[in-house]
Amino acid sequence: MKWPEFILEIIDTLNQNGFEAYLVGGCLRDALLNRECHDYDIATQARPEQILNLFEHCQTKGMSHGTIVVSGKYDVEITTFRKESTYSDHRHPDSVSFVQDIKEDLYRRDFTVNAMAYHPEKGIIDLFNGQKDLKDKILKTVKDASLSFQEDALRMLRAFRFCAKLQFKMDDSLKFAIEKNKHLIQYVSKERIWEELSEILKYDPFQIEEMVDLLEPVLPELKQCYNCQQNSPYHFTNVLSHSLLSVSYCHPYDETIAYALLFHDLGKPQVKKTEKGVDHFKGHPKVSYEIAKRICTGFKVSNRQKERIEQLVYYHDDGFTKGLDSVYKFRIELNWDDERLNQLIEVRRCDLMAHSKKGRETLHQLNDFIELYEKCKKERIFTLKELNLNGKDIQNCDIPKEKIKEVLKDCLKYVFYHPDKNDKETLMLYIRDVWK
């Protein structure tokens with residue numbers, strides 16, 4: 001196997017000083033799958049203080065858990081062989097003790113495909129048939145699955161993430177253990193749940209259909225949407241399947257857009273009404289917005305992303321059918337920048353793509369809007385800074401000081417709809433005529 005030279009040098013340095021050292025974890029798994037490696041982890045007999053003596057430019061943040069980060073071309077985590085005690089909080093070991101045997105270190109790991117080690121001379125150490133599971137594309141835990149999840153409840157989410165990323169199937173015992181221990185999700189922080197969901201949405205959003213029971217304590221709306229059918233000529237799936245299908249159309253992947261699509265129809269079960277055998281969901285964007293707002297707050301999403309997701313959900317059903325009025329609404333009235341409006345356009349596109357054939361018929365309206373918007377960006381102005389007029393000019397028209405801002409906004413609207421009128425003389429005449 002080929003590894004970067006700096007990795008082999010670290011292993012050699014440890015070996016030359018009498019310490020066994022191995023590449024472990026995800027980098028070895030990815031290498032065996034012929035996937036690109038981004039993070040390199042090394043496990044060794046050397047204790048943290050001994051590692052510090054062998055390398056310069058070290059970070060010691062994880063030293064109490066046996067991890068030293070060696071900085072260079074890449075940051076490389078070097079961790080002392082260790083075993084872990086009981087997990088009272090179902091997330092973190094109560095204590096960690098250092099050991100001298102790589103076998104004990106591998107036994108503490110989560111899945112067989114992550115519990116292999118590689119040495120440049122000794123080759124691969126595979127105690128739990130990880131290579132076979134890689135070949136069979138199946139995910140299994142190193143120890144009893146139920147015990148593994150009781151130790152660290154995050155592993156249940158990681159199982160779905162690995163299945164999404166690697167396109168693996170779960171072993172039946174693993175599925176059963178998740179169902180048995182799903183209540184332990186309460187011990188996983190909202191921030192970690194958000195991180196895992198982000199990866200799942202990126203690689204295979206449909207995994208979430210298998211997670212509705214696990215996520216019910218923290219995201220009950222997902223199960224509600226899974227159970228909410230859409231008997232309508234515009235749809236062919238339940239609400240959740242539609243939302244996940246819309247996420248799958250998001251290319252390139254954008255986390256904010258993906259969450260907006262996951263949340264955009266969460267309000268449908270609450271407003272669903274059936275008339276003559278057809279389901280209707282009038283007012284669902286506003287209800288979905290309120291749900292998204294609560295979720296983002298509870299999951300401690302950054303203020304910027306929170307506000308963006310909420311707004312994309314609120315306006316996702318805007319048809320963009322009013323031509324210039326729609327451009328004016330978002331770019332001037334709501335003061336959205338180009339990036340935000342393009343995100344909304346992408347949300348709308350993905351949403352429509354996840355409709356039935358009949359539902360997709362309105363895609364042409366969105367395409368017409370995109371064409372119009374691109375033309376507007378070249379021919380029209382969106383900000384007061386682009387007006388060939390300022391507050392002092394307006395004062396010369398005998399406009400009261402408290403009215404100046406209002407007049408400027410009116411002039412911007414006038415010029416937006418009449419792009420050839422953006423000159424001071426014309427605007428002064430307009431003000432005297434309209435605001436006299």
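Me: Which elements each supply at least two residues of the lining of the second largest pocket?
Reply: Strand 13 (278-280) and helix 18 (338-353) do (helices are DSSP runs of H or I with at least four residues, strands runs of E with at least two). This is a predicted model, with local features needing pLDDT of at least 70 and side-chain atom pairs 80 or more, while totals for chains, interfaces and linings use all residues. Numbering starts from 1 along each chain, and side-chain values use heavy atoms, without hydrogens and water.

Me: Which residues are closest to the centre of the second largest pocket?
Reply: Of the 23 residues that line the second largest pocket, Ser232, Tyr234, His235, Asp317 and His355 are the closest to its centre. A pocket is an open set of points on a 1 Å grid where a 1.4 Å probe fits, with protein on both sides within 12 Å along at least five of seven lines; lining residues have an atom within 4 Å of a point.

Me: What lines the largest pocket?
Reply: The largest pocket has a lining of 47 residues, and Asp41, Glu77, Arg82, Arg109 and Arg158 lie nearest its centre. Among the elements that give two or more residues to this lining are helix 2 (26-32), strand 5 (76-80) and helix 9 (190-203). Helix 7 gives the most, with six residues.

Me: What makes the contact of Asp213 and Lys223 a salt bridge?
Reply: The N to O distance between the side chains of Asp213 and Lys223 is 2.8 Å. A salt bridge needs a side-chain nitrogen of Lys or Arg within 4 Å of a carboxyl oxygen of Asp or Glu, so the pair qualifies. Asp213 lies in helix 10 (residues 212-215) and Lys223 in helix 11 (residues 220-226), so parts ten residues apart in sequence are tied together.

Me: How do you know whether Arg304 is buried or exposed?
Reply: The relative accessible area of Arg304 is 54%, so Arg304 is exposed. Arg304 and Glu339 form a salt bridge through their side chains, at 3.1 Å from N to O. Glu339, at 43% relative accessibility, counts as partly exposed.

Me: How many salt bridges does a search of the whole structure find?
Reply: The search finds 35. Elsewhere, a network of salt bridges links Arg82, Glu84, Asp105, Arg108 and Arg109.

Note on methods. Buried means under 20% relative accessible area, exposed over 50%, partly exposed in between (1.4 Å probe, protein chains only).
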